[in-house]
Amino acid sequence: MPTHVLVADPVGLFRMGVRAALERAGGFVVSEAGDETELFEEIDRERPDLVLLDLHLPPFGAVAAIGRLEAGQGPRVIAWALEPDGDQVLAALSAGAIGFLTKDMKAESVVRGLHTALEGQSPIRRSLLTGVIGAFQNLERRDRYGERAIKLSSRELEVLGLIALGTRNRDIAVQLDISEFTVKRHVQNILHKLNVPSRDVAAHIYRSVFGAEGTPQFAVTV
Amino acid sequence: MAVICAAPLMAEGVATALDGVADTRLLPTDLEDLSALLRTLAPDAIVVDRECRAAHVHADQHGVPLFVVPVEAEGGDVPSPERLRALVVGSLLAVQVRA
């Protein structure tokens, strides 16, 4: 019984190459989709065993498509892209992809990845692992720091945001129209609530949670 | 025709699309002396899937048509297999007419 693989990718030439490689390898029946609409039409019609899903599949990308698939108890999905970063791989895996490959792999490696998936394992290209681990650790760190940052008052967050931008106490006082003594008190409270030894570490936490631009990404309780 | 691709599956797709139209030689982008190899092969046309300086230089110096077919569309237009086939046939005919 051949394995039915659906190749979902907007680039017809690439789909053609994957089809040629899988059919030459033997044991695969291949169907194709160029966008999300075709993806779901093919899934309904062909009931594929596996989907090779391009990370940038139009219109909304693989992560959105995988979310819809999972809700419908669809086929197992292996996402892939040419040069994905760790965050992209982690997002696809979190959404429900069982594996992640890269599009510059040789045909034999892709076939091996498909067999790995058929054995119930997760095919992930080794070169992606470092990025995925880094993305996972960043995510954990952001969550942890975010929990601490949420304890800060809106004024303390304002002060910390300015510290993160490298602003000195005197200038913070001027910008916020408060005394320098009050700024120092805010800084002490910030260090205590974040449980960190210095303003540099506090600034690092702020940037980790809110990004380099220092724009809060979530509502903060006062 | 030389097909110079970082993604072997893209090279395979291009070769399949041009089957019956051109003899294709599939070359990886990271070949050590691609320029010398291109001079030896003297292709009538070149297809690349990403920026490839050796291919561009060869195409410029020898008046060889160069086609770029990125693996990922990224909002741009990647020719379909049929369109690539038509483009290659058209350019090869044009070269013959000029000769």
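Author: Two residues are said to be in contact if their C-beta atoms, placed from the backbone, lie within 7 Å. Residues 24 or more positions apart account for 62% of the contacts in chain A with a separation of 6 or more, whereas in chain B 41% of the contacts between residues at least 6 apart join residues at least 24 apart. This is a predicted model, in which local features need pLDDT of at least 70 and side-chain atom pairs count only at pLDDT 80 or more, while totals for chains, interfaces and linings use all residues. Residues are numbered from 1 along each chain as its sequence is written, and chains are lettered from A and ligands numbered from 1 in the order in which they are written.

Reader: How do you know how many helices and strands chain A has?

Author: They are read as DSSP runs, numbered from the N terminus, with helices (H or I) of at least four residues and strands (E) of at least two. Counted in this way, chain A has ten helices and five strands, and chain B has four helices and four strands, which follow one another along the sequence of chain B as β-α-β-α-β-α-β-α.

Reader: What makes chain B as compact as a globular protein of its length?

Author: The radius of gyration is taken over C-alpha atoms, and the globule rule is 2.2 Å times the number of residues to the power 0.38. For the 99 residues of chain B that rule gives 13 Å, and the radius of gyration of chain B is close to it at 13 Å, so chain B is as compact as a globular protein of that length. The C-alpha trace of chain B spans about 35 × 35 × 25 Å along its principal axes. For chain A the comparison reads otherwise: a compact globule of 222 residues would have a radius of gyration near 17 Å, but chain A has 24 Å, and its trace spans about 75 × 30 × 30 Å.

Reader: How do you know that β1 and β2 of chain A are joined?

Author: Two strands pair if DSSP finds at least two bridges between them. Six bridges join β1(A), residues 3-8, to β2(A), residues 28-33, and these strands run parallel; His4(A), for instance, stands opposite Val29(A) in β2(A).

Reader: Which strands of chain B are edge strands, and what makes them so?

Author: The four strands of chain B form an open sheet in the order β2-β1-β3-β4, with parallel pairing. The edge strands are β2(B), residues 25-28, and β4(B), residues 66-68, each of which pairs on one side only. The pairing of β1(B), residues 2-5, with β2(B) rests on four bridges, and there Cys5(B) stands opposite Pro28(B).

Reader: Why is Asp177(A) called exposed?

Author: A residue is buried if 20 or more other C-beta atoms lie within 10 Å of its own, exposed if 12 or fewer do, and partly exposed in between. Asp177(A) has 6 other C-beta atoms within 10 Å, and therefore counts as exposed. Its place is in the loop between α8 and α9 of chain A, and its phi, near 60°, is positive although the residue is not a glycine. Likewise, Ala42(B) has 10 C-beta neighbours inside 10 Å, so Ala42(B) is exposed; this residue is found in the loop between α2(B) and β3(B) and has a positive phi of about 45°.

Reader: Which residues of helix α7 of chain A are buried?

Author: Among them, in residues 154-164, are Glu156(A), Leu157(A), Leu160(A) and Ile163(A), and the buried residues of α7(A) pack against α8(A), α9(A) and α10(A). After α7(A) comes Gly166(A), with a positive phi near 90°. By the limits given above, 38% of the 222 residues of chain A count as buried, and 39% of the 99 residues in chain B do.

Reader: What makes the peptide bond between Pro58(A) and Pro59(A) a cis one?

Author: Its omega is about 0°, and Pro59(A) is found in the loop between β3(A) and α3(A).

Reader: How many residues does each chain give to the contact?

Author: Chain B gives 20 residues and chain A gives 17. On the side of chain B that touches chain A, α1(B) gives the most, with nine residues.
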